[in-house]
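Here is a short briefing for a first look at this model.

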Amino acid sequence: MTLPLLSLITFLPSSGIFFLSLIHKNDENNARAVGLWISIITFILSVILWANFDVYNAEYQFIEKYEWIRGYNIFYLMGVDGISLYFILLTTFLVPLCILCSWHSIQKRAREYIMMFLLLETLVIGSFCALDLILFYIFFEGTLIPLFLIIGIWGGSDRIYACFKFFLYTLMGSLFMLLAIIKLYGEFGTTDFMALTDEKIIFSLQVWLWIAFFFCFAIKIPMWPFHTWLPDAHVEAPTAGSVLLAGIVLKMGGYGFLRFCLPLLPQACSFFAPFVFALSVMAILYASLVALAQKDMKKLIAYSSIAHMGFVTLGLFSLNLQGVSGAVVQMLSHGLISSALFLAIGMMYDRFHTREIASYSGLHQIMPVLSAVFMVFSFASIGLPGTSGFIGEFYVMLGIFQANTFFATLAALGMVLGPGYALWLYRRLFTGKLALNLSDNKTAHDLTYWEKSMLLSLLVFVFVMGIYPKPLTNVINRSIRAKTLEPPVTQPLFLNAR
């Protein structure tokens, strides 16, 4: 296609800021409608991108390359493959849901609120499309600004603490990545990722570059012990902010490992793999145990996200096709499931104005539809066969068992804790006798038409991925084979415990 489709998809949402600025600040319904239509058109364009994508071609497609900074070999370089394509689709699918779920809950400065989500959509899509390291850094780092404002302006009572903690953590990590990019440019005279993949980076340099990239992406995922910003950010963020944070923004860390570390630094990835396995298993066990002790619903789901991202990093650094493919599927699956759980919690909060688990019980009596949908998403979260959660975790476990049986066994033990906190939460919220404070509430009614539509749309994709994942995994596997996996050529940091 001659149309610069990637640039159009990337910058259409942010162009909506101009149209929103023409609307009077008090005309909030029109602002919401404009934001919703722009996000829907962006999603339609991403579907067109998918329809024109050659699924049998593992190379980058829809490439746009222009000299950006003349004389410095830095380019505006965009392209997608079978990995980034599905992250773009997930992003453009979730943003309209975020606007819809905020339609009535956000009454203060709704126009500016919609602007921040459209700006965030541009920056996230740009991160998934960028093939120049400087361009990627600008998009990646830029996501801090709208998220900082979303949490800081429209968040809860401790929003200032949460947004500054989030900003400082992720900014510090990104500075390490900037140093690594500058070093690469100094060594090879370019930040063109496709050109850098043809270069042979010596092992000693790979080690230092890997450490710099690791700090950045480990904080963004986040991995243990860099995770402490996430529960606070989730608790204080509005519902739509939590949806995008869990559904998309966390995946940028895993995508960074997959896109840049594995192809550019294969020896260092092999060398540090057992170190990553240890942190990943610690995240799974620790976060699952802490989730069992939570009193706030959003904080419980936040800790469950840390545990699920532990499986992602296990799969990525297994350095085999099953593990890496499973990590990608797990990220996509978690994006759908965690988004649905945060949406459901937001719907409960809009009615009862509390997220304290102890304030709920017996909700199935007055909200049977939500009760059924929440149960299905809870089962999907713990990897019930037939759902997308099962496919991702199954492939990850296949991969990690091939790489290191000791850490695989620990991860399998951690999988037992997932049903513990998920079913414990469901029992406390929906079973038993109806709580008195819920029975007298005038807003105690089941899901509306639009709420059902949002949750069921996510549910369809969870089942489609879980029942017939072959079309998805075939495309992902081609790109992984072509660009990511190389045989390890150095001794691991620790002896394989298999």
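Buried means under 20% relative accessible area, exposed over 50%, and partly exposed in between, with a 1.4 Å probe and protein chains only. This is a predicted model: local features need pLDDT of at least 70, side-chain atom pairs count only at pLDDT 80 or more, and totals for chains, interfaces and linings use all residues. Residues are numbered from 1 along each chain as its sequence is written, and side-chain values use heavy atoms, with hydrogens and water left out. Helices (H or I, at least four residues) and strands (E, at least two) are DSSP runs, numbered from the N terminus.

**A loop residue**
- Thr-354 sits in the loop between α15 (321-352) and α16 (368-381).
- Its relative accessibility is 15%, so Thr-354 counts as buried.
- Contact means heavy atoms within 4.5 Å. Neighbours within four places in sequence aside, Thr-354 is in contact with Met-297, Tyr-349, Ser-359 and Tyr-360.

**Single helices**
- The expected span of a helix is 1.5 Å times one less than its number of residues.
- Helix α2 (residues 28-51) has 24 residues. From first C-alpha to last it reaches 35 Å, close to the expected 34 Å.
- The buried residues of α2 include Glu-28, Arg-32, Leu-36 and Leu-49. The buried residues of α2 pack against α1 (5-21), β1 (61-69), α3 (84-101) and α4 (110-129).
- The 20 residues of α4 should span 28 Å, and its end C-alpha atoms are 29 Å apart, which agrees.
- In α4, 19 of the 20 residues are buried, so α4 is largely enclosed by the rest of the structure.

**Helix pairs**
- Axes are lines fitted to C-alpha atoms, for helices over the stretch in contact; angles run from 0 to 180 degrees between N-to-C directions.
- Angles under 35 degrees count as roughly parallel, over 145 as roughly antiparallel, 65 to 115 as roughly perpendicular and the rest as oblique.
- The axes of α13 (residues 266-292) and α14 (residues 297-316) come within 8 Å and cross at roughly 160°. The two helices are therefore roughly antiparallel.
- Among the residues that meet are Val-276, Phe-277 and Ile-284 in α13, and Leu-300, Tyr-303 and Phe-311 in α14.
- α3 and α15 pack at about 5°, with axes 11 Å apart. They are therefore roughly parallel to each other.
- That contact involves residues including Tyr-86, Phe-87 and Cys-101 of α3, and Val-328, Gly-335 and Leu-343 of α15.
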